[in-house]
Amino acid sequence: RILILATPSDDQIDDFVQDLKNYKVSDLVRTCDKNFNERRLTEIGVALHEFSFLDGQDPPKYVVKKWLKLLKRRFVSRKLADGSDTPKKATIAVLCAAGLGRAPVLAGVGLIEGGMAPLDTIEYIRSNRKGALSRVQAEYLLKYKPSHS
């Protein structure tokens with residue numbers, strides 16, 4: 001599961017940390033500038049990843065590569081000796097300043113990589129996150145080609 005969030009301020013951090021606990025978040029991806037004390041994340045065992053890129057821009061290829069590596073590490077099952085799969089369940093939270101641009105774009109990349117059609121991805125994100133994805137960001141997702149294609 002990918003959880004899209006807005007960046008909390010220091011005075012909102014207690015509620016933010018509680019949300020991370022409630023959703024059993026294992027990893028937090030920050031796509032924007034630092035503006036809260038991340039010490040609280042390490043206290044609850046959440047790994048912080050810095051994947052910053054400019055607001056309103058397409059994510060750079062190196063950010064997408066790091067994002068896909070994290071998704072694979074957290075979500076792709078592994079074959080056991082007997083040939084069966086080990087299901088992997090995780091929640092990755094991804095945040096940007098308002099939770100409407102950079103974070104939804106990375107979430108969209110993850111959904112497309114998982115097999116969802118780009119237009120369905122955009123509609124799904126927008127139905128769950130009102131105001132998400134600018135025209136430029138939606139166009140990026142429409143043109144995005146999964147790494148396995």
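How many residues does helix α3 have, and how far does it reach from its first C-alpha to its last?

## Helix α3

Helix α3, spanning residues 61–75, has 15 residues and reaches 21 Å between its first and last C-alpha, close to the 21 Å expected at 1.5 Å a residue, where the expected span is 1.5 Å times one less than the number of residues. Helices here are DSSP runs (H or I, at least four residues) and strands likewise (E, at least two), numbered from the N terminus.

This is a predicted model, in which local features need pLDDT of at least 70 and side-chain atom pairs count only at pLDDT 80 or more, while totals for chains, interfaces and linings use all residues. Residues are numbered from 1 along each chain as its sequence is written, and side-chain values use heavy atoms, leaving out hydrogens and water.

Val63, Val64, Trp67, Leu68, Leu70 and Leu71 of α3 are buried (under 20% relative accessible area, with exposed meaning over 50%, for a 1.4 Å probe and protein chains only). Seen down the axis of α3, these buried residues fall within an arc of 160°, so they line one face of the helix. On the other side of α3, Lys61, Lys65, Lys69 and Lys72 are exposed.

## Packing of α4 and α6

The elements against which the buried residues of α3 pack include α4 (102–113) and α6 (135–143). The axes of α4 and α6 lie 10 Å apart at an angle of about 15°, and these two helices are therefore roughly parallel to each other (angles under 35 degrees).

Notes: The arc is that of the directions from the helix axis to the C-beta atoms. Contact means heavy atoms within 4.5 Å. Axes are lines fitted to C-alpha atoms, for helices over the stretch in contact, and angles run from 0 to 180 degrees between N-to-C directions. Angles under 35 degrees count as roughly parallel, over 145 as roughly antiparallel, 65 to 115 as roughly perpendicular and the rest as oblique.
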